[in-house]
Amino acid sequence: MYFLRWKLLFIFLLGNIPLLFSQVYSPTSTIALVGAMDEEIELLQRSLQHSKTKIIHGIPFYTGKIGKQKVVILKTGIGKVNASMAVAFLLNEFRPKQLIFTGIAGGLHPDLEAGDIVIGKQTLQYDYGQATNDSTFTRSTRNPMTKQLNPLYFLADSILLTTAQEAAKRTDFQTLGTNHRSPKILTGTIVTGDLLVTSENKANELRRKFGADATEMEGAAVAQICWQQKVPCLVIRSMSDKADSKARDSIENFKQVASYNSAHLLLNLLGKLP
């Protein structure tokens, strides 16, 4: 009986090594504000009070306050790997209670024009999966700590999502286009991949397969890290292009205003958080 008891205990401990050695995330009062490029965090940096800079592994992190909120601002660089690396450093060093990603994207919903905004209800990595002779399948990622499959779509934090929707109603955005209409605000699906989509065929495929409203190169990778560490996360994107063959020229023409609109919404969202 004594031997059996110790054997059962050994089996239990062996099966739960990932849980025993996984780090428990205890958040601080800081909110992380993240973008991939200079233009995407420019307005946030200008709004930062009592700014200080901390360099971690060559990456600058800007800390201070925006209104009543204690924040850390990060530029990750473009792409899923850069974003994942930088956000991993951020979570380890600053342990934010919430993370909001802001920036530009390619519009996939047919009603979206440059300057319009998609508040990400959910995000997905469309280029993670399996390629066969017949087709390519998108699959769920796996949590390396628990060994469990992650959800295919990472849902936004409900409080951040609702607050962003309310903040959007009271935000004065910059207008674009010949008719100078106010930007449309859509709550929808954002898909992420390590591709700058400049193809009508690929844009149509992403829209058809995933019901995607916008495509970009960082959001779902960051959402996965936040999901695994249980950090509330939201991705906000303003359209710089339509992910078509004219996308490169459109990005150059509209990235400044699109970046401003996304960051401006984020600032108003911050003001509504407790």
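What share of the contacts in the protein chain with a separation of 6 or more comes from residues 24 or more positions apart? The legends below take this up first. The model is predicted.

**View 1. Contacts across the protein chain.** Residues 24 or more positions apart supply 77% of the contacts with a separation of 6 or more. The chain carries 8 helices and 12 strands. Along the principal axes, the C-alpha atoms fill a box of roughly 80 × 55 × 35 Å.

**View 2. Surface and interior of the protein chain.** Of the 274 residues, 50% are buried.

**View 3. Charges of the protein chain.** There are 31 positive and 23 negative charges. Their mean positions lie 11 Å apart.

**View 4. Cys226 and Cys233, without a disulfide.** The structure holds 0 disulfides. For Cys226, the nearest cysteine sulfur belongs to Cys233, 4.1 Å away. A disulfide needs the two sulfur atoms within 2.5 Å. At 4.1 Å, the sulfur of Cys233 is therefore too far from that of Cys226 for a bond.

**View 5. Burial of the two cysteines.** Is Cys226 buried or exposed? Its relative accessibility is 1%, so Cys226 counts as buried. Cys233 has a relative accessible area of 8% and is buried. The cut-off for buried is under 20%.

Notes
Residues are numbered from 1 along each chain as its sequence is written. This is a predicted model: local features need pLDDT of at least 70, side-chain atom pairs count only at pLDDT 80 or more; totals for chains, interfaces and linings use all residues. Side-chain values use heavy atoms; hydrogens and water are left out. Helices (H or I, at least four residues) and strands (E, at least two) are DSSP runs, numbered from the N terminus. Buried means under 20% relative accessible area, exposed over 50%, partly exposed in between (1.4 Å probe, protein chains only). Contact means heavy atoms within 4.5 Å. Lys and Arg count as positive and Asp and Glu as negative; His and the chain ends are not counted. The place of a charge is taken as NZ of Lys, CZ of Arg, CG of Asp or CD of Glu.
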